[in-house]
Amino acid sequence: MAELLQQLILDTLDAQSTLPDTRTLTIPGQSSSANSHDAQITILGALNSLLSREASLLSFSHDLMITYETHEVSSHVLTPEGVQIVREGSHEARVWAALPERGAGAPLSAQDLKKAVGDEAAKVGQGRAFKSGWIAKEGNGFVKAVSTIKDTTQIELHEVESLGTLAAGEKALAELRKRKLIIQRKGQWFTVHKGTNFSTSIAKPETDLTVDMLTSGSWKNSTFKKYNFEADGIPTSGGALHPILKVREEIRGIFLEMGFEEMPTGTFVESGFWCFDALFVPQLHPARELQDTFYLSDPSTSLPPPSAYYDRVARVHEHGGYGSIGYRTPWSHEESHKLLLRTHTTASSAAMLYKLAAKCRGEDIDGDLSANPQSGAAQLSDDGFRPAKLFSIDRVFRNETMDATHLAEFHQVEGVVADRNLTLADLISFMRTFFRKMGMTGLRFKPAYNPYTEPSLEIFAWHPLLEKWVEIGNSGMFRPEMLAPMGFPPDVRVHGWGIGLERPTMIRYGVNNIRTLVGHKTSIENVENSPAVMF
């Protein structure tokens with residue numbers, strides 16, 4: 001039917017030059033003019049198909065077969081109840097038809113009337129039939145009051161179905177709308193003109209020159225579609241960095257720019273010793289419980305750490321030392337050797353600091369940082385210590401309840417600075433410099449508690465979109481109870497700080513649910529289209 005309708009439009013244009021109103025057309029296969037909304041939608045599809053065809057089909061040069069103008073119009077369509085009335089008659093007409101003539105039979109009771117025409121028709125039609133004077137009450141029943149009726153409602157709905165409006169005017173339409181028999185709908189009709197490349201042929205042009213055409217010679221009489229050299233090419237498909245990886249690279253660039261060295265952090269599985277004990281986290285701390293940490297069941301225990309260092313750590317926990325009284329609780333070897341998914345990358349920082357202090361202890365350890373000194377680093381002092389600036393960005397795992405802002409797996413950005421006689425003022429100054437490079441100024445610092453840093457600071461920045469101060473990180477100076485067992489000289493201080501990677505990524509990309517940033521709900525299209533982030 002689509003091609004028949006297209007041919008009808010072309011033949012009409014060929015005979016009249018212009019088709020002033022598409023509502024005068026009769027769609028092939030139908031008996032009435034195309035006055036309805038659905039009929040005009042069908043015609044619009046045919047017009048767009050003709051518009052896309054090329055007689056020489058240089059549509060980008062405006063050499064078109066046809067052109068058309070759109071005219072907006074307000075029309076009405078029938079509701080399902082209106083369609084039923086067109087087919088079966090109005091409720092009042094059906095009530096009248098079900099009743100006997102006056103004196104020609106027993107009056108029909110209200111109950112019998114409902115059985116005859118249905119509850120809805122009896123309820124609505126009875127009142128309207130009384131109002132029109134079509135029926136009358138006789139005894140306990142109803143009878144016809146007139147011998148013939150004119151079902152105006154059905155007639156008007158027939159007209160609306162055909163024309164989309166009523167000749168009787170807006171008042172009659174308003175009454176039908178009030179009865180919810182019709183609804184108003186915006187419609188359109190079209191005026192069609194010949195294009196500069198008008199033709200009555202709707203044969204599709206060829207898009208490819210095939211071997212069969214060359215063999216048979218049919219290409220000589222074929223019409224080929226012109227190339228549109230202004231058309232966009234097919235987008236290339238390729239890999240794309242996830243937004244978290246883009247932000248990760250930006251932060252990594254800041255660290256490297258400031259002279260930091262990246263720590264190896266590939267050990268997702270750590271022992272309780274390196275993740276907690278070496279950091280002077282008490283063995284009874286709530287963070288070590290099952291509801292906060294993922295423990296391994298097979299294997300469940302780790303290889304032993306260096307024995308001398310292990311003994312020093314156990315002693316400072318249980319009995320104190322280095323100016324501390326310790327925690328004064330029994331030391332559990334079982335707790336220390338448990339295997340777990342690391343809850344922070346500070347476990348890797350502790351292992352690297354232990355290697356950094358090797359020469360201070362008079363030892364050589366494979367992979368010692370001093371074997372690859374940084375450019376411009378201070379020369380090794382007599383006690384074997386050298387300053388270091390280290391960082392890591394990697395995944396950590398916590399037994400969290402997942403919601404819009406929490407996952408059981410996330411990324412931690414961590415930095416460590418080790419030097420002699422560092423102070424809290426040095427830490428605050430460094431934090432201001434680091435976050436300024438990330439575009440965050442006007443920081444605030446709040447005293448906090450961490451088992452392995454003293455003093456400790458929470459870092460806050462002003463969020464211009466949320467218009468409030470938000471926590472962006474945690475920092476502090478590692479405790480002597482952590483550093484002294486490693487073998488660092490008494491005047492060595494170590495700054496440590498950490499921030500999450502997901503939170504700044506969510507802020508940068510306007511993401512309000514972390515599950516749409518990481519996990520199976522992540523949109524691949526958004527990953528491909530996400531812009532680069534520059535701090």
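This is a predicted model: local features need pLDDT of at least 70, side-chain atom pairs count only at pLDDT 80 or more; totals for chains, interfaces and linings use all residues.
Reader: Okay, and which side chain meets R128 in a salt bridge?

Author: That is E175, whose side chain meets the one of R128 at 3.8 Å, taken from N to O. The two lie in distant parts of the chain, with E175 in helix α8 (residues 170-178) and R128 in helix α6 (residues 119-132), 47 residues apart. E175 is likewise given as partly exposed, at 33% relative accessibility.

Reader: Which residues are linked with them in a network?

Author: The network of salt bridges links E92, R128, E175 and R179. As a general point, side chains of opposite charge can pair when their charged atoms come close.

Reader: How many salt bridges does the count come to?

Author: The count comes to 17 salt bridges. One of these joins E138 and R102, with the closest N and O atoms 3.8 Å apart. E138 sits in strand β4 (residues 135-138) while R102 sits in the loop between α4 (91-98) and β3 (108-109), so this pair ties together parts that are 36 residues apart in sequence.

Reader: Let's switch to helices. At what angle do α3 and α7 pack?

Author: Helix α3 (residues 80-88) and helix α7 (residues 152-163) pack at an angle of about 115°, and their axes are 9 Å apart. As α3 passes α7, the crossing is left-handed.

Reader: Which residues meet in that contact of α3 and α7?

Author: From α3 there are G82, I85, V86, R87 and E88, and they meet T153, Q154, L157, H158 and E161 of α7. By type, the residues of this contact divide into 3 nonpolar, 4 polar and 3 charged.

Reader: Which strands does α7 lie across?

Author: Helix α7 lies across β2 and β6, and it runs at about 160° to β2. Those two strands belong to an open sheet of 3 strands, which has the order β1-β6-β2 and antiparallel pairing.

Reader: Why is one side of β1 and of β2 left without a neighbour in the sheet?

Author: Because β1 (18-19) and β2 (66-78) stand at the edges and each has a single partner strand, one side of each is left without a neighbour in the sheet. The pairing of β2 with strand β6 (residues 182-194) is antiparallel and is made by 13 bridges, and along it V77 stands opposite I183 in β6.

Reader: In which sense do β7 and β10 pair, parallel or antiparallel?

Author: β7 and strand β10 (residues 388-397) pair in the parallel sense, over 2 bridges, and E261 stands opposite L390 in β10.

Reader: Why is β15 largely enclosed?

Author: β15 is largely enclosed by the rest of the structure because 7 of its 9 residues are buried. On one pairing, 9 bridges join β11 to β15 in an antiparallel arrangement, with G500 of β15 as the bridge partner of Q412. β15 also pairs with β14, in the antiparallel sense and over 4 bridges, where G476 stands opposite G496 and S475 has W497 as its bridge partner.

Reader: Last one: how many bridges join β13 to β14?

Author: Strand β13 (residues 453-463) and strand β14 (residues 468-478) are joined by 9 bridges and run antiparallel, and S456 stands opposite G476 in β14.

Technical notes
Residues are numbered from 1 along each chain as its sequence is written. Side-chain values use heavy atoms; hydrogens and water are left out. Axes are lines fitted to C-alpha atoms, for helices over the stretch in contact, and angles run from 0 to 180 degrees between N-to-C directions. A crossing is left-handed if the near helix is turned anticlockwise from the far one by less than a right angle, and right-handed if clockwise. Contact means heavy atoms within 4.5 Å. Ala, Val, Leu, Ile, Met, Phe, Trp, Tyr, Cys and Pro count as nonpolar, Asp, Glu, Lys and Arg as charged, and the others, Gly among them, as polar. Two strands pair if DSSP finds at least two bridges between them. A salt bridge is a side-chain nitrogen of Lys or Arg within 4 Å of a carboxyl oxygen of Asp or Glu. Buried means under 20% relative accessible area, exposed over 50%, partly exposed in between (1.4 Å probe, protein chains only).
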